[in-house]
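Here is a short tour to read alongside the model on your screen.

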Amino acid sequence: MRQHTRVPIRHCETSVAPGLAAEVPRAWNSSTPRAFPMVSVTRAVFGDLPLGAGTVEKFQLQSDLLKVDIISWGCTITALEVKDRQGRASDVVLGFAELEGYFQKQPYFGAVVGRVANRIAKGTFTLDGKEYKLPINNGPNSLHGGVRGFDKVLWTPQVLSNGVQFSRVSPDGEEGYPGELKVWVTYTLDGGELVVNYRAQASQTTPVNLTNHSYFNLAGQGSPNIYDHEVTIEADAFLPVDETLIPTGEVAPVRGTAFDLRKPVELGKHLQEFHLGGFDHNFCLKRSKEKHFCARVHHAGSGRVLEVYTTQPGVQFYTGNFLDGTLKGKSGAVYPKHSGFCLETQNWPDAVNQPHFPPVLLRPGDEYDHTTWFKFSVA
């Protein structure tokens, strides 16, 4: 067993360096009126891949307010402990205690998904006159990068002073996608905020859309449902979908519909009122590369609040409609329908086939660079 190494540090801001370099911490000016919370990063073995294919490591990031466990298999968040208003910490993400849990058929708990998150209609797209065919793994469509997407590979970790950076090279033709893609996913902690940065560079023009697929339950994972969560999503429009969950192409205003979440709604009551089986839809955010507010979820019972900010033009709000109670999670938990929610910040689904959606193609010489902030607090 490898020794655990604990690296307690003074927190400093990270900025994204261009090119291949890891993020270089930028010290705050001494006159900055700001607390400097400590962040510790601990590294340990989580398990071994079958047939000697490598060792999966776990990185625990801890600040005064959050404790996050992330493994190098799929850059997966396996645990995230947040205090309630009484100061009691609970793990608020669904997942497994053992590596084997992640090898079974399971719905992308906590993982980074790609090369293209969400659905591509009929698993095909045309680029520069050439048709590409992807694995079909979700009805008639290709979902979350295919049969062996970024969630089902071992990434190379590098410990940072306030987090961890994972990298990998997706080879040309992997899961049917064109060109080699170099990818970096960086998790850093700043007090009550978990920051996820995604960067990629391509050798050939390719669609790229990366997100994290964590399922949250602010009452604590293992709680039976999310009906008592109050949800707000800062979106004036959403994408209606067909029966296979592919956007029809319409960008529909939310006003006067069940999708108007601009003011807080209590989820259970809202689903009942509109006779909805749940959400699994893309909400259209500001089309700005700057950081913008995306969503807020409040759990009144515990006081926990999650706010999401992002540079992405969309967020897939998913309410765990396909969870069915068959998976055994952490601490003996089972995960029935609606026992967790996802806020997958992303480009719009099937954008590679819908020219009026935000551009999804990454060209050689350009860099894909997006960040999402998960900010936890109590109210």
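This is a predicted model: local features need pLDDT of at least 70, side-chain atom pairs count only at pLDDT 80 or more; totals for chains, interfaces and linings use all residues.

Nine strands form an open sheet with antiparallel pairing, in the order S14-S15-S16-S17-S30-S26-S25-S20-S23. At the edges stand strand S14 (156–160) and strand S23 (265–266), and each has a single partner strand, so one side of each is left without a neighbour in the sheet. Strands S16 (residues 181–190) and S17 (residues 193–202) run antiparallel and are joined by 10 bridges.

Now for the pockets, set side by side here.

| Pocket | Volume | Lining residues by class |
|---|---|---|
| Largest | about 790 Å³ | 14 nonpolar, 11 polar, seven charged |

The largest pocket is lined by 32 residues, and Lys-105, Gln-106, Pro-107, Tyr-108 and Leu-143 are the ones nearest its centre. Helix H1 (99–103) and strand S27 (314–318) are the elements that give two or more residues to this lining.

Around the second largest pocket there are 20 lining residues, with Lys-289, Asn-347, Pro-359, Tyr-368 and His-370 nearest its centre. Strands S29 (361–362) and S30 (368–378) each supply at least two residues of that lining. Which strand gives the most to the lining of the second largest pocket? That is S30, with three residues, and S30 also has a place in the nine-stranded sheet, between S17 and S26.

Technical notes. Residues are numbered from 1 along each chain as its sequence is written. Side-chain values use heavy atoms; hydrogens and water are left out. Two strands pair if DSSP finds at least two bridges between them. Helices (H or I, at least four residues) and strands (E, at least two) are DSSP runs, numbered from the N terminus. On a 1 Å grid over the protein atoms alone, a cavity is a set of points where a 1.4 Å probe fits but cannot get out, and a pocket is an open set with protein on both sides within 12 Å along at least five of seven lines; lining residues have an atom within 4 Å of a point. Grid points are joined across faces, edges and corners, and a volume is the space filled by probe spheres set on the points. Ala, Val, Leu, Ile, Met, Phe, Trp, Tyr, Cys and Pro count as nonpolar, Asp, Glu, Lys and Arg as charged, and the others, Gly among them, as polar.
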